[in-house]
Amino acid sequence: MELNSFGSSRRGRTVWCVCAMMPIMKKATALPAVMLIFSCTACRGKAEYAPDVSALEWGEVSHGLRVSLDVPDPRFEKGESAFVYVILEKTFPGEMDLSAIPAFVLGDMRYWCPVDLAGDGLPLPANAEVRILLRDGEPWVRRMDLSKLSCEEAYSSRWPAAGFYSILPAGKNNLRLDFEVVGGMGGDRIRSNEVTVEISP
């Protein structure tokens, strides 16, 4: 049995993993399970994410909702996964039924990547939208792999179809998550905070 966990992480901050190890056999005697706490980056891909809401950066509140984008490792290597965490939190009690077209925008907002945020995290098909039901309690958290998304110039008439790394320029890029709200709250956008990522040449 193995259990890994880590909290909100930023560049320069140690990622702490908690691993529950199988009982250790010594002289045919089973010892109690040993809890080890150590600094580790190899466990990052397997770990559960527990956001420290008080330490996150947020976009502006809109329609009683705020969005945070957290990037454990802001350097994206071409051909490798590019993980980001999306955190949604209501600012009022009760349920919230959100229908929207979510998309990551990058490169001084020149490129966009629609995403099925409520489903499998893959590219959102054209003319589709997602529905997210937010309830009281813990923030809504999802891990997304940007390398699996399709990308296109924001002002193009084409729906994104190019590979994530095939179109984005190397170097530093601004990254944000936008929600184009549809339905009863239509005509508005909800935006996350903006972070800087670096794409390898």
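Begin by selecting Asp188 and His63, whose side chains are joined by a polar contact of 3.1 Å. A polar contact is a pair of N or O atoms within 3.5 Å; within protein, one must be able to donate a hydrogen and the other to accept it, and residues adjacent in sequence count only if both atoms are side-chain atoms. The model is predicted, and local features need pLDDT of at least 70, side-chain atom pairs count only at pLDDT 80 or more, while totals for chains, interfaces and linings use all residues. Residues are numbered from 1 along each chain as its sequence is written, and side-chain values use heavy atoms, with hydrogens and water left out.

**Around Asp188**

Keep Asp188 selected; this residue is found in the loop between β16 (171-181) and β17 (189-191). Strands (E, at least two residues) are DSSP runs, numbered from the N terminus, as are helices (H or I, at least four). Is Asp188 buried or partly exposed? With a relative accessible area of 32%, Asp188 is partly exposed. Buried means under 20% relative accessible area, exposed over 50%, and partly exposed in between (1.4 Å probe, protein chains only).

Next, select Ser68 in strand β7 (residues 65-70). Ser68 is buried, with a relative accessible area of 0%. Its side chain reaches the backbone oxygen of Glu57 at 2.6 Å. Leaving out residues up to four places away in sequence, Ser68 touches several residues, including Trp58, Val86 and Asn193; such contact means heavy atoms within 4.5 Å.

Move on to Val86, which is among the residues with the most contacts inside the largest nonpolar core, a group of 36 residues. A nonpolar core is a set of buried Ala, Val, Leu, Ile, Met, Phe, Trp, Tyr and Cys residues joined through side-chain atoms within 4.5 Å. Which strand gives the most to this core? Strand β10 (residues 96-106) does, with five residues.

**From β10 to β12**

Display β10 together with β12; the two pair in the antiparallel sense over five bridges. Two strands pair if DSSP finds at least two bridges between them. Within β12, Ile132 is the bridge partner of Leu98. Strand β12 (residues 130-134) has Val130, Ile132 and Leu134 on a covered face, and Arg131 and Leu133 on an uncovered one.

**Aromatic rings**

Turn now to the aromatic pairs, of which the structure holds two. Rings of Phe, Tyr and Trp (its six-membered ring) pair if their centres lie within 6.5 Å; planes under 30 degrees apart count as stacked, over 60 as edge-to-face and the rest as tilted. Select Trp112 and Trp159: their ring centres are 5.1 Å apart and their planes stand at 80 degrees, so this pair is edge-to-face. Trp112 lies in strand β11 (residues 111-114) and Trp159 in the loop between β14 (150-153) and β15 (162-163), so the pair ties together parts 47 residues apart in sequence. Then select Phe164 and Tyr165, an edge-to-face pair with 5.1 Å from centre to centre and 75 degrees between the planes. Both Phe164 and Tyr165 are buried.

**Charges over rings**

Finally, select Arg143, which lies over the face of Phe83 at 3.9 Å from the ring centre. A charge sits over a ring if NZ of Lys or CZ of Arg is within 6 Å of the ring centre and within 35 degrees of the ring normal.
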